[in-house]
Amino acid sequence: MSDTRFDLPALDDPASTETGIMLLGLDPDRLLACLAVVALADDAGQVAMLVDHVRHGGARLTMPDLVAAGARRWRSIRPDLADADPSPSTSASLRQAWERSHRTLTTVFSTAGPSGLVYLTACWLRRADIDDVVATLGGQP
């Protein structure tokens, strides 16, 4: 019998799955900030680096600016996400939940680049947390 407490990903899994699993660990403010700037770079790592640059005061933008912009984007796209994936996976396996939602959103949002799809999926899977942040900023999710 094998110990299944820690399973490595399959070698043929797409890189976006592992990227997504890591992004699911970000706090909702950072996910919203990344969602705001995802159009500037089509690489999830570059987006995270840009947000960290802003977060540490290395740009004229501030984290509150990015979070507010991400919240506006979230409000505008959330209904489309809900239509595309009305019953997202509640699997105990993050990889299974990620793969199902990412596959669904990739089909519906085919014009979004890879980075955009990764952040949309991460936000969608963390939608309760994202909705809470958006609500505290004075808007409905």
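**Overall make-up**

The protein contains seven helices and zero strands, where helices (H or I, at least four residues) and strands (E, at least two) are DSSP runs, numbered from the N terminus. This is a predicted model, in which local features need pLDDT of at least 70 and side-chain atom pairs count only at pLDDT 80 or more, while totals for chains, interfaces and linings use all residues. Residues are numbered from 1 along each chain as its sequence is written, and side-chain values use heavy atoms, with hydrogens and water left out.

Of the 141 residues, 40% count as buried; buried means under 20% relative accessible area, exposed over 50%, and partly exposed in between (1.4 Å probe, protein chains only). Among contacts (heavy atoms within 4.5 Å) with a separation of 6 or more, 69% join residues 24 or more positions apart.

**Helix α1**

In helix α1, which spans residues 15–23, the buried residues are Ser16, Thr17, Gly20, Ile21 and Leu23. Seen down the axis of α1, these fall within an arc of 160 degrees (taken from the directions from the helix axis to the C-beta atoms), so they line one face of the helix. The face turned away from that buried side carries the exposed residues Ala15 and Met22, whereas the cover over the buried residues of α1 includes α2 (28–37), α3 (44–55), α5 (94–108) and α6 (114–125).

**The cysteines**

Cys34 counts as buried at 2% relative accessibility, as does Cys123 at 0%.
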